Amino acid sequence: MEAGQRPDNRSSSNGEPTPSNIVLDYLPMITKVVVGILHSIYAFINLAFLSIYPVEKSLKDKVVLVTGAGRGLGREMSYLLAKEGAKVVCVDINAEGVKETADVINGGRTGMDAGADFYTTNVAEPSQVNELAKAVEEKWGKVDVLINNAGIVASAPLMDTTDEQIKRMIDVNLVSHFWMVRAFLPAMRKRNEGHIVATSSVAAFTCAANIVPYAATKYGVTGLMASLREELRANPSNNIKTTTIHPFFLDSAPINVKHWDVKSTLPIVSIPQVARAAIQGIKREDVVVTVPEILRLIMQILWIVPQKSADYWRDAFSSKINSA
């Protein structure tokens with residue numbers, strides 16, 4: 001040691017770190033872990049409390065835009081939103097179907113007294129989406145809740161699927177979410193208020209044969225929404241919410257549409273069941289809604305068990321999906 005140099009009490013005489021030095025080095029991480037555990041305990045207690053005494057926001061007089069509103073889940077959500085008192089903007093590429101949805105909601109009412117409006121739009125085309133955003137904001141002033149629900153459902157082995165079918169599914173099921181969010185998020189940011197909702201699928205938590213393009217798009221939507229939420233959270237005063245809906249396979253028989261043939265150990269879910277859960281999740285500002293809810297926990301467990309074990313459980317409770 002040179003003259004005048006103070007000894008380093010954090011190291012031993014041979015230069016090795018002392019126990020106290022190690023503790024000090026890891027103290028910030030240990031503190032974060034302890035705080036994280038306490039925060040998690042609080043979060044679980046708070047979740048249990050809210051499940052008994054839920055806090056729900058009102059959708060009365062809110063402008064809610066729903067894509068894929070021409071039939072199925074989008075139509076059912078539109079009906080329920082109207083019952084909540086919302087002004088529903090129905091969007092679909094199917095001109096006849098989307099008009100019918102709005103007409104049922106309006107029941108003869110017209111103009112600004114009407115409970116619903118409708119637009120025929122291909123959400124996979126960014127130019128049409130931008131025109132939609134301009135038209136809706138000119139008429140309604142703002143969109144409080146954006147529900148990206150439009151999607152294509154189909155099944156076939158990957159090598160039996162055409163290039164055009166794959167491209168079309170990706171464009172509608174995934175890429176359209178980018179166009180819709182980019183068109184409506186800027187206005188929400190100016191107000192620091194809004195809610196963005198996306199329909200994904202339980203397929204985003206697991207895997208299944210014969211739905212490779214479909215599952216890939218739903219994984220994409222789930223990643224998009226999770227990452228978008230992180231971008232929004234970067235603003236400490238952010239008040240824009242996100243919700244992602246993950247339904248199990250839907251029973252489409254009531255709308256006379258059969259997308260695929262599903263043989264599942266678990267019961268498929270009805271369109272009204274999913275619509276009710278989605279609207280409840282929006283009102284409660286849930287980040288993730290899974291229908292049925294228990295499936296989310298089951299699928300998460302499959303990610304942490306050994307692969308052979310996960311394969312066993314998938315085989316034991318598998319859903320066999322074939323072309324309709």
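**The whole chain**

Start with everything shown as a cartoon. The model is predicted. The chain holds 9 helices and 11 strands. Of its 324 residues, 39% are buried. Now think about contacts between residues with a separation of 6 or more: 70% of these join residues 24 or more positions apart.

**Stop 1: helix 2 and helix 3**

Select residues 72-83, which form helix 2, and residues 95-106, which form helix 3. The two axes come within 10 Å of each other and cross at roughly 20 degrees. Because angles under 35 degrees count as roughly parallel, helix 2 is roughly parallel to helix 3. Their crossing is right-handed.

Show side chains next. Which residues make the contact? On helix 2 they are R75, S78, Y79 and A82, and on helix 3 they are G97, E100, T101, V104 and I105. Sorted by type, the residues of this contact are 4 nonpolar, 3 polar and 2 charged.

**Stop 2: helix 3 by itself**

Helix 3 has 12 residues, and the distance from its first C-alpha to its last is 16 Å, close to the 16 Å expected at 1.5 Å a residue. Colour G97, V98, T101, A102, I105 and N106, which are buried. When looking along a helix, bear in mind that an α-helix has 3.6 residues a turn, so residues three or four places apart point the same way.

What covers the buried residues of helix 3? The cover includes helix 2, strand 2 (87-92) and strand 3 (116-120). Bring these back into view before moving on.

**Stop 3: G97**

Zoom in on G97, a residue of helix 3. G97 has a relative accessible area of 5%, so it is buried. Leaving out neighbours within four places in sequence, G97 is in contact with G70 and R75. Draw a distance between the C-alpha atoms of G97 and G70: they are 4.2 Å apart, although 27 residues separate them along the chain.

**Stop 4: T121 and N122**

Move to the loop between strand 3 and helix 4 (126-140), where N122 lies. T121 lies in the loop between strand 3 and helix 4 as well. Are they buried or exposed? T121 is buried, with a relative accessible area of 7%. N122 counts as buried too, at 14% relative accessibility, because the cut-off for buried is under 20%.

Select what surrounds each residue, ignoring neighbours up to four places away in sequence. T121 is in contact with V91, D92, I93, Q128, V129 and L132. N122 touches I93, Q128, V129 and R168.

**Stop 5: helix 5 and helix 6**

Select residues 163-191 for helix 5 and residues 212-233 for helix 6. Their axes are 9 Å apart, and the helices pack at an angle of about 15 degrees. That angle makes helix 5 roughly parallel to helix 6. The crossing is right-handed.

Show the side chains where the two helices meet. Helix 5 contributes I166, M169, I170, N173, L174, H177, F178, V181, L185 and R189. Helix 6 contributes P213, Y214, T217, K218, G220, V221, L224, L228, E231 and L232. The residues of this contact divide into 13 nonpolar, 4 polar and 3 charged.

**Stop 6**

Switch to a view of the backbone atoms. Most residues other than glycine have a negative phi, and most peptide bonds are trans. The next selections are exceptions.

- Select D61, in the loop between helix 1 (19-52) and strand 1 (63-67). D61 is not a glycine, yet its phi is positive, at about 65 degrees.
- Select N210, in the loop between strand 5 (194-199) and helix 6. Phi of N210 is also a positive value, near 75 degrees, in a residue other than glycine.
- Select P292, in the loop between strand 10 (288-291) and helix 8 (294-302). The peptide bond from V291 to P292 is cis, with omega near -5 degrees.

Terms used: Residues numbered from 1 in each chain as written. Predicted model: local features only at pLDDT ≥ 70, side-chain atom pairs only at ≥ 80, totals over all residues. Heavy atoms only, no water. Axes fitted to C-alpha atoms, helices over the stretch in contact; angles between N-to-C directions. Helix = DSSP H or I, 4+ residues; strand = E, 2+ residues; numbered from the N terminus. Parallel < 35°, antiparallel > 145°, perpendicular 65-115°, else oblique. Left-handed = near helix turned anticlockwise from the far one by under 90°. Contact = heavy atoms within 4.5 Å. Nonpolar A, V, L, I, M, F, W, Y, C, P; charged D, E, K, R; others polar. Expected span 1.5 Å × (residues − 1). Buried < 20%, exposed > 50% of the residue type's maximum accessible area, 1.4 Å probe, protein only.
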